[in-house]
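Q: Please take a close look at one part of this model, the salt bridges that involve its strands, and describe the residues that take part in them.

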Amino acid sequence: MKYAAVFLFISLFGYALTAPVQNAAQEAQVLRFDSDVQPEGYRFLVETSDGKLHQEEGQLKDVGTDHEAIVVRGSYSYIGDDGQTYTVNYLADENGFQPEGAHLPRI
């Protein structure tokens with residue numbers, strides 16, 4: 001059941017990334033989409049013509065134990081309204097979502 005939920009999330013997330021924006025001056029085209037879903041992990045990459053790039057991989061950890069969890073690592077980049085490219089690298093695990101980026105405040 002956990003695997004089905006993860007696969008559904010990935011599928012919907014990928015669809016959301018490629019869905020057209022209604023008020024955009026120009027619709028972005030998907031330049032590259034790679035996906036690999038395995039029983040104990042996944043990875044994907046989406047790149048669009050408007051400068052966005054998102055790549056992510058997730059692996060199950062401690063499979064079959066009471067401490068089973070998914071560890072997700074990834075990054076996404078986009079071009080801001082100021083013309084700069086912003087990149088966020090992240091880790092999501094049992095300790096929560098942990099983003100890092102030059103433009104993000106450090107705690």
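A: Lys-61 forms a salt bridge with Glu-94, with 2.6 Å between the closest N and O atoms, where a salt bridge is a side-chain nitrogen of Lys or Arg within 4 Å of a carboxyl oxygen of Asp or Glu. This pair links distant parts of the chain, 33 residues apart, since Lys-61 lies in strand E3 and Glu-94 in the loop between strand E5 (85–93) and strand E6 (96–100); strands here are DSSP runs of E with at least two residues, numbered from the N terminus. Glu-94 is partly exposed as well, at 48%.

The model is predicted, so local features need pLDDT of at least 70 and side-chain atom pairs count only at pLDDT 80 or more, while totals for chains, interfaces and linings use all residues. Residues are numbered from 1 along each chain as its sequence is written, and side-chain values use heavy atoms, leaving out hydrogens and water.

Strand E3 (residues 53–61) also holds Glu-57, which is linked to Arg-43 in strand E2, 14 residues apart, by a salt bridge of 3.5 Å, N to O. Glu-57 is partly exposed at 33%, and Arg-43 is partly exposed at 47%. Arg-32 and Glu-47 meet in a further salt bridge at 3.3 Å, N to O; because Arg-32 lies in strand E1 (residues 30–38) and Glu-47 in strand E2 (residues 41–48), the pair ties together parts 15 residues apart in sequence.

Methods. Helix = DSSP H or I, 4+ residues; strand = E, 2+ residues; numbered from the N terminus. Buried < 20%, exposed > 50% of the residue type's maximum accessible area, 1.4 Å probe, protein only.
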